[in-house]
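Morning, everyone. Have the sequence and the model open, please. I'll take the strands, then the surface, then confidence.

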Amino acid sequence: MKHIQKRFILFALFVVVPFIMDAQIPAENEADTINLTEDPFVQISYRKVPKSDVLGGISVVNIEELTKKNYNTYSLDNMQGYIGGFTGNSLWGMGEYLVLVDGVPRDANNVLPSEIEQITFMKSASAVVLYGSRAAKGVVYISTKRGKDKPLEINVRANTGYHISKSHPKYLGSAQYMTLYNEALANDGLAAVYSDDDIYNHASGNNPYRYPNLDFYSSDYVKPYYNRTDVSTEILGGNERTRFYTNIGYYRQGDVLDFGQAADNFTDRLNIRGNIDIKLNDFIDAYINANATFYNARSANATTGNYWSAAATLRPNRLAPLIPLEYIDQNDQQSWNLINSSSNLIGGQYFLGGTQVDQTNIFADYYVAGNSKWTSRQFQFDTGLNFDMSGITDGLAFHTLFAVDYATSYSTSYNNSYAVYRPTWYNYNGTDVIAGLIKYNNDEKSGVQNIGGSASNQTIAFSGYFTYDKAFGAKHNLNAMLLANAYQQIVSGAYHRTSNANLGIQVGYNYQQKYYAELAAAVIHSAKLPEGQRNAVSPSVSLGWKIGKEDFMANSTLFDELTLNLSASVVNSDLDIENFYLYEANYTQAAGAWWGWYDGAVERSTNSLRGGNENMTFVKRKEFSATLMASMWEKLFTLNTSFFINSTEGLLIEPLTIFPNYFFTYYPDASFIPYINYNNDQRTGIDFNLNFNKQVGKVDLTLGVNGIYYTTKATQRDENYEYDYQYREGKAIDGIWGLESMGLFQSQDEVDNSPEQKFGGTVKPGDIKYIDQNGDNIIDDKDVVYLERAGWSGAPLTLGVTFTAKWKNFTFFALGTGNYGAYAMKNSTYHWVYGDGKYSEVVLDRWTEATKTTATYPRLTIESGSNNFRDSDFWMYKTDRFNLAKVQLTYDLPKSFLQNNVFEDISTYISGANLLILSKEGELLELNTTSAPQTRFFNIGLKATF
């Protein structure tokens, strides 16, 4: 594959270059604003409009300009750092947003930043209403690059860099584990299972094959870094009648694992994207977009889960994965016969270790169980026609789009089974020797390639719409749109197709580009609802006022521009209706009770599982928003901020308190209760973009501060609790609920004189003590209270800070992101250690009689630990963090240096990503325990224009 990379680069540099020796490029674009595009037009719903006519609730990032100073590998990488209102996984905290690539529903991870021109974040309900039901939680619209009216231009970009692991989990070695396991047994009144001699032998390290001390994160198995390399070539140009663009890119990324078949793990991607814009005649334009993407991911086979889950569970003293042959007694012919018949001697020096319990393990898997390759092929095609119908009436046009996308994936593998051997050890004259082997399983290699895991999906999309854009004199400007839009996605294994169909109308008016009014509405349809309820109208109204154009602002020395926009909308959606036919009653005999009218007659009862609801309707997003945009002191400061309050109403539930309790029974399991529209949620917040632009001497400085702060509240819930503090209504939607703790019990007297904690097991000194919220002298689920917000759709406060300094041919760029106000639980197996779990370093702070005054972790136990290991503020921590997400230094070679050269422009850069976390819990936030380590990425790149 390395040869393929080299050939690809050589092709880009030496085969394509001769064709463009005479190419010219325009003057360098000095645009330096990150947060809002400097393009004269901004992509919004179904059209592009001048940036000055955008009415709010929309933010845009010019990716083409951003990439000149910030190389990225993912299309939405740290976008919360550039615009307000995006938390990293949601828009305005709404959750599942719709991604459109050139107007078609597609995955954001299938288009790279080098292919993108602009990304529009449509946050407000008024901005997305014309896209229908599936866009109810916001739209991220990715516009790919297109050809330009200019001579042929070729851009080649090459990057190579290394992912360097930040940290590894710290699990205890065998001796510590065995010692503490004995302590856990003693805490539970049981005898020790590990002798002092066993513990000593494991601690000494004299023979790690007889007395294992397995470390999954040692350099024997894990590399400290791995490589990622990519190269891409852009070819573009055109004239007034035809424009074209092509992007060919390839990347390959290695893996952190460094043994067996896993040492050859890799992921690679080849993409070919192209488009053509053609002016067929004076009134018809056409375009064609096509993209083909080829993914491959090779990995070692695993019959026992994956490496990282095994690293979190397999105890260090359990087994030695490889055992040297030299330990086998030379006179033990039976053992040698077993070994000599094995086809899986590793390096000719080791056989695979195992036990009767561990007849397979992840190490043996990765050495000899074979390998697999996941393959994905994605093909995307869309085309459209634009008709200028001014011959009928001035300003009228008609536009169409038709798209077909198809993707397939499958896995191929060679699957081998293998034998492992349990050695019987003895000591001869002070030397450990293997006196016998017990074999489990057999070595088998079929040599047959297996194919499985096939999946496919298809998207078909169509839209057609009339637009009308007309200026009446110098004061009145009218625009309108009438559209029909539909798409359908077919996913293998899913019976029902994901569909979206709607009609839409929009009418906008502005007076002297000072006063704006816009009305929009969509008629949507959903087959998830009962007949008679499947259609609905989503209306929106927006008003805009360019205050800066008023006469009383003419002499203002503060504001260059000042605009206020208001909007109110209701968007109907089926996004939160998870399944089809939920409105129908459901009857079954599958779980019916057996009965009969007479001996020998056996029947099953028909049970009702759900009642019907013919009045089930759409979930509604009702929203009011206000946006203020300002430019001050000759663009020294620019501000874009939006306030929003929205209510999601009519979320479906099967209520427990609205209907009489005789509507359902626990045995037999039966219910006549239907799904109804009932629960309501509210989100209120503000987002902001603030930019500072200043030239200091010969240095151009740009500072951007962006963010969103929002709150959530459950405004209506179906619930009936005994105590007020138990109600979810009025609390945060993303609330963490649990017990409030009072530290650890210090003595048996304290246990005996405290409320009884009824979570199973015997409560002892060293267990967590909880607050009795209702004073009934019992600790149970009735004492669970609201603790804090989890920030499921993004932290309450998300911040982004960008800084650019440009001096001569050097550009320095830095990006920081912050998340504040959210909490999480330390509830992974790394922190909740009980039973036969693997011990991490956190247990070193456990409670004992000797450490009772300083202990921060409960006593150890081999029981379930159900009293201690449950949600409570004892395990809760703040996820507040500030990330130094990116630093890049770029150098553009002077134009004078490139005169009379084949190159028109050359830039080189070095960058670092995910460099630093500033947080009280930084060590924890950078730690992965059941997945590959988090990494910093250091890259060097070169871009050349011919």
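Start at phenylalanine 244, which stands opposite isoleucine 276 in E11. E10 and strand E11, residues 266-279, pair in the antiparallel sense over 12 bridges. Two strands count as paired if DSSP finds at least two bridges between them. The strands themselves are DSSP runs of at least two residues, labelled E and numbered from the N terminus.

This is a predicted model, so local features need pLDDT of at least 70, and side-chain atom pairs count only at pLDDT 80 or more, while totals for chains, interfaces and linings use all residues. Residues are numbered from 1 along each chain as its sequence is written, and side-chain values use heavy atoms, with hydrogens and water left out.

E10, residues 242-253, also pairs with strand E9, residues 225-238. That pairing is antiparallel too, over 11 bridges. A hairpin of 3 residues links E9 to E10. Glutamate 234 faces asparagine 247 in E10.

Next, an open sheet. It has 5 strands, in the order E3-E6-E7-E4-E5, with mixed pairing. Which strands stand at the edges? Strand E3 (58-61) and strand E5 (104-105) do; each has a single partner strand, so one side of each is left without a neighbour in the sheet. E3 runs antiparallel to strand E6, residues 116-122, with 4 bridges joining them. There, isoleucine 58 sits opposite methionine 122 in E6.

Now the surface. A nonpolar patch there has about 1,000 Å² of accessible area together, and its residues include Phe466, Leu543, Leu566 and Tyr709. Nonpolar side chains are joined within 5 Å. Areas are Shrake-Rupley, with a 1.4 Å probe. Strand E21 (498-511) and strand E23 (535-546) each give two or more residues to the patch.

Leucine 566 is in strand E24, residues 559-573. Its relative accessibility is 34%, so leucine 566 counts as partly exposed; buried means under 20%, exposed over 50%.

Compare a loop residue. Glutamine 726 lies between strand E34 (699-716) and strand E35 (735-738). Glutamine 726 is buried, at 7%. Beyond four places in sequence, its contacts (heavy atoms within 4.5 Å) include Trp737 and Asp781.

Last, confidence. Mean pLDDT, the predictor's confidence from 0 to 100, is 92 for the protein chain, and 96% of residues reach 70 or more. Over residues 1-39, pLDDT is below 50. Where pLDDT is low, the predicted coordinates should not be read in detail.

Terms used: Patch = residues over 30% accessible without salt bridge, like charges linked within 9 Å, V, L, I, M, F, W, Y side chains within 5 Å. Salt bridge = Lys/Arg side-chain N within 4 Å of Asp/Glu carboxyl O. Buried < 20%, exposed > 50% of the residue type's maximum accessible area, 1.4 Å probe, protein only.
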